[in-house]
Amino acid sequence: GKIVALLVAAGSGTRAGGGLPKQYRTIAGKPMIGHAIEGLLHPRIAAVHVVIGQGQERQFADATRTYSLPEPTLGGSERHDSARRGLEAIAAQGGADIVLIHDAARPFLPSRVVDALIDGARGAGGAVPGLPVVDTLARSGDLLGDVVPRAGLIRVQTPQAFRFPAILAAHRAWKNGIATDDAQIARAAGIEVAVVEGDTMLEKLTYEADFVRAEERLAASLI
Ligand code: CTP
Ligand code: MG
């Protein structure tokens with residue numbers, strides 16, 4: 001069956017600052033969106049569809065002219081709006097059997113994770129990469145509050161893989177407000193989601209300091 005990727009890159013990168021949407025910031029001389037696309041150029045993935053922000057057409061074209069990509073789709077105001085628009089665009093272009101939905105803000109994607117996700121989605125219907133919580137978790141206001149037991153909790157990353165027709169239907173049915181990932185939309189529609197082993201390389205770059213650390217790791221060839 002046909003496997004495609006959907007890269008959501010329509011955010012504004014407010015928390016990272018830096019004067020431009022973070023997906024266009026360079027890491028080791030390459031825009032973050034380029035690193036993310038390259039991670040999805042995997043032998044089992046037929047095409048990488050990208051969702052971009054309104055007004056970011058020029059930045060997208062400049063950053064991606066070395067790749068052969070379908071026309072980008074314009075995103076919406078929340079991440080789940082952008083994902084929905086991308087899924088609709090894929091449907092309009094003939095659909096797929098499996099889709100991997102990925103954040104442009106996670107530029108380093110091990111090939112092993114892609115394989116595990118595809119196999120997981122073929123089995124369960126959906127699959128996400130997850131990592132254990134290693135720090136103590138606690139509620140917090142002005143002062144430290146109660147500890148939240150971390151046993152049984154994981155950190156959920158992207159890409160997230162799903163059987164395409166089911167995740168499209170789940171997005172069309174979603175009406176519970178803001179969703180920060182697609183697996184919660186899938187689960188609300190009754191799709192079973194498997195957890196495969198995530199990777200610290202997949203951590204999302206959110207703040208300025210995350211970009212500094214990513215540069216250092218690349219420079220030290222630790223990635
Ligand atoms: N995203 C999107 N459409 C939106 C919001 C986010 O496609 N309306 C994408 C971002 O481009 C990013 C991913 O969703 O690849 C994860 O979002 P996040 O890390 O929150 O990025 P931003 O929303 O751009 O950053 P911030 O929240 O700091 O503004
Ligand atoms: Mg955001």
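This is a predicted model: local features need pLDDT of at least 70, side-chain atom pairs count only at pLDDT 80 or more; totals for chains, interfaces and linings use all residues.
Reader: Let's begin with the whole chain. How many helices and strands are there in the protein chain?

Author: You'll find seven helices and 12 strands. For overall shape, look at the radius of gyration: here it is 17 Å, close to the 17 Å that the globule rule gives for 223 residues, so the chain is as compact as a globular protein of that length. Along its principal axes, the C-alpha trace spans about 50 × 40 × 30 Å.

Reader: And what share of the residues count as buried?

Author: Of the 223 residues, 41% do. Contacts tell you something else: of those with a separation of 6 or more, 70% are between residues 24 or more positions apart.

Reader: Which residues touch the most other members of the largest nonpolar core?

Author: That core has 55 residues, and the ones to look for are L6, L7, V8, A9, V99 and L117. Strand β1 gives the largest share of the core, seven residues. Take A9 as an example: leaving out residues up to four places away in sequence, A9 touches Q23, I33, V50, V51, I52 and A104.

Reader: Now the ligand. Which residues are closest to ligand 1?

Author: A10, G11, T14, R15 and S82 are, out of 23 residues that surround ligand 1. Two elements, β1 and α3, each give two or more residues to this shell. By class, the shell has seven nonpolar, 10 polar and six charged residues.

Reader: Since α3 came up, how should I read a helix?

Author: Start with the general idea: an α-helix has 3.6 residues a turn, so residues three or four places apart point the same way. Now the case here: in α3 the buried residues are R79, H80, S82, A83, R84, G86, L87 and I90. They pack against β1, β4, β5, β6, α5 and α6. As for length, α3 has 14 residues and reaches 20 Å from its first C-alpha to its last, close to the 20 Å expected at 1.5 Å a residue.

Reader: Backbone angles next. What should I look out for?

Author: Most residues other than glycine have a negative phi, and most peptide bonds are trans. Here, A28 has a positive phi of about 50° although it is not a glycine. A28 sits in the loop between β2 and β3. Just after α7, S221 also takes a positive phi, of about 55°. After α3 comes G94, with a positive phi near 105°.

Reader: Which residues does a cis peptide bond join?

Author: T158 and P159, with omega about 10°. You can find P159 in the loop between β10 and β11.

Reader: Last one: is G19 buried or exposed?

Author: Count the C-beta neighbours inside 10 Å: G19 has 7, so it counts as exposed. Its place is the loop between β1 and β2. A28, with 12 other C-beta atoms within 10 Å, is exposed too. E203 has 18 other C-beta atoms within 10 Å, so it is partly exposed. Look for E203 in the loop between β12 and α7.

Methods: Residues are numbered from 1 along each chain as its sequence is written. Chains are lettered from A and ligands numbered from 1 in the order in which they are written. A residue is near a molecule or strand if its C-beta atom, placed from the backbone, lies within 6 Å of it. Helices (H or I, at least four residues) and strands (E, at least two) are DSSP runs, numbered from the N terminus. Ala, Val, Leu, Ile, Met, Phe, Trp, Tyr, Cys and Pro count as nonpolar, Asp, Glu, Lys and Arg as charged, and the others, Gly among them, as polar. The radius of gyration is taken over C-alpha atoms; the globule rule is 2.2 Å times the number of residues to the power 0.38. A residue is buried if 20 or more other C-beta atoms lie within 10 Å of its own, exposed if 12 or fewer, and partly exposed in between; C-beta atoms are placed from the backbone. Two residues are in contact if their C-beta atoms, placed from the backbone, lie within 7 Å. A nonpolar core is a set of buried Ala, Val, Leu, Ile, Met, Phe, Trp, Tyr and Cys residues joined through C-beta atoms within 7 Å. The expected span of a helix is 1.5 Å times one less than its number of residues.
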